[in-house]
Amino acid sequence: MRKSGAALPVAAAIGIALGIAHLWWALPAAVLAFLLGLRREQVRPAAQVFAALAGVAVLAVGVVPGWIVLGTRFIVVAVGAGMTPWLLGRYWSQSRELARAGWERAERLEHEQRLTAEQARLRERARIARDMHDALGHDLSLLALRAGALTLAPDLAEPHRAAARDLRAGAAAAVERLGEVIGVLREDDTAAPGDGPADTAVPDLLAAAAAAGLPLTTRITGSPDGLPRAVEHAAHRVVQEALTNAAKHAPAAPVTATVDYTPDEVRIRVANGPSSAPPGPGSGQGLAGLDERVRLAGGRLNAGPAPDGGFQVAARLPRTAAPVAPAGPAAPPRPAPALREARRRTRRALRAALIVPLATAMTLTVAHRAWTYHLVHRSVLDPAVYADLRVGQDRAELDARLPDRRLPYRPTAGPGAPPPPPGDGVRCDYYAVTADLFVDRAGDAYRLCYQDSRLVSRDLLAA
């Protein structure tokens, strides 16, 4: 134990020890014990010093039985001026720690709320980026496709043909730049699959692509009536993304689009034939995000080379999407570990401050009473022996008939009790009349006084 850590516990223990002799020392002892309880790092030194103090008190009573009369005062001072203020100090310290942990928790929640708001802004930015890529990328690809078809017109003047080629190149470059910008904005794309309605119905989307000059063959079976919003939106984006990539990477290759609306699901397949323009439709930012969109709608997406050497995009979406549960009241946040631990320590300190002093006082009181009863039981003088005692007998003659123990305290006699005999060298011993606590003579005592080793008086002191 370090000296710096034991100084305050030792000072409190000294105050308690002095308080047994003079009660006014109990006040500084209580102050020192309270200050000691405020210091969490001195819990073990305090417990060791207090345990040592209690051990010394028990040993002292065992060695000097006369000190048992101070047992009650020791219990009062040790519990009232030592243990109780110390536990109250610990409770006060834990309460302050709980308050500090609560403020830290509030600051952390405020920081988390700011992060949540920032994440919401990022999700909104990602949603806008996705819609820009899906809509503007598709429109720019169709614009490039129309410009490419215009360059093949046989009756177009050469200046106009050059302008059309420039228009097609500019549209293609705009698609590339749009993809680069969207790639930055879509790094945290976690928006729901059904955000916003589809721009147009799937048949209208296919018709617009064919009108733009895309060599497209379509086949649509079934009816889209009753599709959930998320499924409708995902189906639209699958077709739109597949056509956009086909127009961008294989503008001259024939494209086949098949959409089957069955009672259980929606099956989509968009495939283009071989093209000399690398790479295939699997490149770009749109197809990577499309897989997540289809997955969130409950479906599956497959994209890869077609058997004829081209590229195909196929998706299967359930016709009945899982319903989105309405947002209910947010569950209260669970307390942080530090706050939870601080609450637990505070409750434990409060229980200790209430229970431990009471239990300690009861235990010490019972032990004190038991030891006192033991000493009284061994100091009982037989009434018949007392009746045979005669004034003037030698003490050595009497010791063999007297108990081996005397009362460790001076009994309180009633108002009619005679005083001890006067004279120098007079010494009085006290013996119990009975050890039974439930009889009328409980508390009565015999007093035998000696002078020069001779019995000078024998008295019965009634309590």
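**Close-up views of a predicted model**

**View 1. A271 and its partner in strand β5.** A271 has Q312 of β5 as its bridge partner. Strands β3 (residues 265-272) and β5 (residues 311-318) pair in the antiparallel sense over 8 bridges; pairing requires at least two DSSP bridges between two strands. Strands (E, at least two residues) and helices (H or I, at least four) are DSSP runs numbered from the N terminus. This is a predicted model, in which local features need pLDDT of at least 70 and side-chain atom pairs count only at pLDDT 80 or more, while totals for chains, interfaces and linings use all residues. Residues are numbered from 1 along each chain as its sequence is written, and side-chain values use heavy atoms, without hydrogens and water.

**View 2. An open sheet of 5 strands.** The strand order is β1-β2-β3-β5-β4, with mixed pairing. β1 (216-221) and β4 (300-305) stand at the edges with a single partner strand each, so one side of each has no neighbour in the sheet.

**View 3. The buried residues of helix α6.** In α6 (residues 202-211), V202, L205, L206 and A209 are buried (under 20% relative accessible area; exposed is over 50%, partly exposed in between; 1.4 Å probe, protein chains only). These residues lie on the same side of α6 because they cover an arc of only 95 degrees around the axis, taken from the directions from the helix axis to the C-beta atoms. After α6 comes G213, with a positive phi near 110 degrees.

**View 4. D459 in strand β8.** D459 lies in β8 (residues 454-461). At 17% relative accessibility, D459 counts as buried. Leaving out residues up to four places away in sequence, D459 touches Y386, P418, A445, Y446 and R447 (contact: heavy atoms within 4.5 Å).
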